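Reader: Hi! Could you walk me through this one? I'm new to reading structures.
Author: Happy to, let's take a look together.
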Amino acid sequence: MLRRLTTSVPSINKLYFAFSVNEEYKIQILNRLKEIKHSNSQKDIVSNGYIENLTIDQDGRVIIDLKLDQDYRKIKALCSDALKQYEWIKNLDIRMAPKKENVFTQTNSQKRGNLQNVNKIIAVSSCKGGVGKSTIALNLTFSLQKLGFKVGIFDADVYGPSLPTLIGKEKQQLYAPEDKPKEILPIEFNGVKTMSYGFASGNQKAIIRGPMVSSIVVQLVQQTQWQNLDYLVVDMPPGTGDIQISLCQELNFDGAVIVTTPQRLSFIDVVKGIEMFDVLKVPTLSVVENMAEYVCPNCNHLHKPFGPGYINMLQKQFGIASALSIPLYGDISKYSDLGSPVVLTLPDDHTINNIYRQLANNVVNELNRTDLTKTPTVRYDTGKRQVIIRDFDGKEKPIKSIELRSKCNCALCVDEFTGKRLNQKQKLDQEVYPYKIEPKGNYAVAIVWSDGHRSSIYPYKRLWSDEIIEHKS
């Protein structure tokens, strides 16, 4: 017994030394961050609780989790600039702090104002402008209504509200009920309750500082008399910035639909959107690729003007099963400009109506899934050097680390156009192991590998498939 203790002393001293150095570095960082004052307070960002987590790993990587609010981006930039002086920081990762778990978060009793009687709130987000998000949000709303649900739509874009134009209500004025002067009556259109900042501002263009926008939008949606709704569709402002983060926190979305186009730039932004919703614990219900193709009226030939698109990659890399494409169709723009949603104008059996009906059904089915929060667990067994996936019924599948690393489908490992694998198994470190494992929403797991590879995402469905070979000892 004495011999064991003696031989382990150097290891203990080494660990103690590493611990002491890390603590000293943490103190340096925190003291430096204490020099940054919060814009709305005399206190510094450390005293104000903006630093929710600070860790330093053995490779000199510093990870800082920042509190999510409208000042997140500004404070992130200030922190990054303040810590440039420390040469020992090899990699600085400043990120959004995960939304704290709360079993009551998604219950109606936690929804504020007039949202208490709204059963489900759905975000329709584009992550970038000009992809047809507002048109899709409106037609999704009426497709849900056609399924027999009570539905409302809220246009959350202050800088460029589209809803008044899309339903032909540009000159509509808002009114308050006599018995509740602080509340707002929604504008009804074909049996759907609607609300937009465009109704309040009239023809005046909004010139508002960023921090004010979130409070205006939240106040407007909470004071609208939505009454009893099955679904409220929120047409989000484009992007993944402070306004979007604040809306996610305040409105407690039950799920998100992400709209994109076939270009690579849009795909990159979709990834940012999925990651933002993952951090905020909002499941991605469906991805819609808009303007994907069109059929020539003269020769009936199918054209893809922006290339083959990225739907297959989204499904393969991220495991989002509900993904569909909407073709270029002139009447969509025509009827939108006339203030008549296309799903209310075209025949029910038209291709466009069928696609929107499928989207509405996908959203409903995803939200009704009883196992939405029951995701498998993935861990690394250091003794057996295996990655083990386990479902909520206790079923397990062991996978060799090198097998999983070699099957990564990210853009660095697989050519996005030819599908050819770029990482050859024999060139990889045979002793590679997961350095970090974390879930990505309710559909996949992300792994950072010991060889420095950081972009591996494995859908749970793929981990269970025969494509990933089970290790049988």
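Author: One word first: buried means under 20% relative accessible area, exposed means over 50%, and partly exposed is in between, with a 1.4 Å probe and protein chains only. This is a predicted model, where local features need pLDDT of at least 70, side-chain atom pairs count only at pLDDT 80 or more, and totals for chains, interfaces and linings use all residues. Residues are numbered from 1 along each chain as its sequence is written, and side-chain values use heavy atoms, leaving out hydrogens and water.
Reader: Thanks! Are Tyr86 and Trp88 buried or exposed?
Author: Tyr86 and Trp88 are both buried.
Reader: And how many aromatic pairs are there?
Author: There are six aromatic pairs. Rings of Phe, Tyr and Trp (its six-membered ring) pair if their centres lie within 6.5 Å; planes under 30 degrees apart count as stacked, over 60 as edge-to-face and the rest as tilted.
Reader: Why is the pair of Tyr86 and Trp88 tilted?
Author: Their ring planes are at 45°, so the pair is tilted, with the centres 6.1 Å apart. Tyr25 joins Tyr86 and Trp88 in a cluster linked by ring pairs.
Reader: New topic: what lies over the face of Tyr50?
Author: Lys67 does, at 5.3 Å from the ring centre. The rule is that NZ of Lys or CZ of Arg is within 6 Å of the ring centre and within 35 degrees of the ring normal.
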